[in-house]
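Let's take a walk through this fold together. Have the sequence and the model open side by side as you read.

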Amino acid sequence: MLRRAASNIAPSSIGDPHLMELIRQMFYTMRRKGGVGLAAPQVGFSLRLVVVEVKAQSSKSKIAPIPPTVLINPEILSSSEERVNGYEGCLSFPNVRGAVRRYRNSKVKYLDQFGKEHVVEFEGFHARVLQHEIDHLDGVLYTERMDDLESLMTLNEFEKQFGSRVSK
Ligand code: NI
């Protein structure tokens, strides 16, 4: 499931009780595991569906919150040329972190859970989260995006080196 390209969700399925229940379960799983994003293939559904939520951090954090957001059939329309290196984790591989270069900005088109279309320019950490989650819909894992597998480390090593759990 994790390596397979997921299917689009038919617009007629939006609002379907089964889909709403899946979305609810995805938020539950993501929050319980302390993640900031989750894609449906990670919970066994090969559908182009992502949930994200970045909770408000301490006042020192530069990471702005994202309210609970549902992205149905998300598509990256364009990305900045510039890429930035940053550490990522994945709820499908708990307790591992690795450095991945991601585009600094990405413009994403998606439908919300009510079928309304949005086009949003995500920046920095937010753009990283969206690129990571949309990769899941194409069966791509962050380890495949790493320039150098040498940076792969356990969460313990990561916290010793960087002293924080920021990332996901
Ligand atoms: Ni992931």
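Which residues have the most contacts inside the largest nonpolar core? They are Val52, Leu71, Val108 and Leu130, in a core of 17 residues. By nonpolar core we mean a set of buried Ala, Val, Leu, Ile, Met, Phe, Trp, Tyr and Cys residues joined through side-chain atoms within 4.5 Å; buried means under 20% relative accessible area, exposed over 50%, and partly exposed in between, with a 1.4 Å probe and protein chains only.

Before going further, a word on the source: this is a predicted model, in which local features need pLDDT of at least 70 and side-chain atom pairs count only at pLDDT 80 or more, while totals for chains, interfaces and linings use all residues. Residues are numbered from 1 along each chain as its sequence is written, and side-chain values use heavy atoms, with hydrogens and water left out.

Strand 2 (49–54), strand 3 (66–79), strand 6 (105–111) and helix 2 (124–137) each supply at least two of its residues, and helix 2 gives the most, with six. Helices (H or I, at least four residues) and strands (E, at least two) are DSSP runs, numbered from the N terminus. Look at Leu130: leaving aside neighbours within four places in sequence, Leu130 is in contact (heavy atoms within 4.5 Å) with Val52, Leu71, Val108 and Phe122. Apart from this core lies another, of 16 residues, including Met30, Leu49, Val51 and Ile72.

Now trace the pairing, where two strands pair if DSSP finds at least two bridges between them. Strand 2 is antiparallel to strand 1 (residues 37–39) over three bridges, with Val52 as the bridge partner of Gly37. Strand 2 also pairs with strand 3, again antiparallel, over five bridges; here Val51 stands opposite Val70.

Step back to see the open sheet: five strands in the order 1-2-3-6-7, with antiparallel pairing. Strand 1 and strand 7 (117–123) are the edges, each pairing on one side only. Helix 1 (residues 17–32) packs on this sheet and touches strand 1, strand 2 and strand 3. The direction of helix 1 makes about 40° with that of strand 2, using axes fitted to C-alpha atoms, for helices over the stretch in contact, and angles from 0 to 180 degrees between N-to-C directions.
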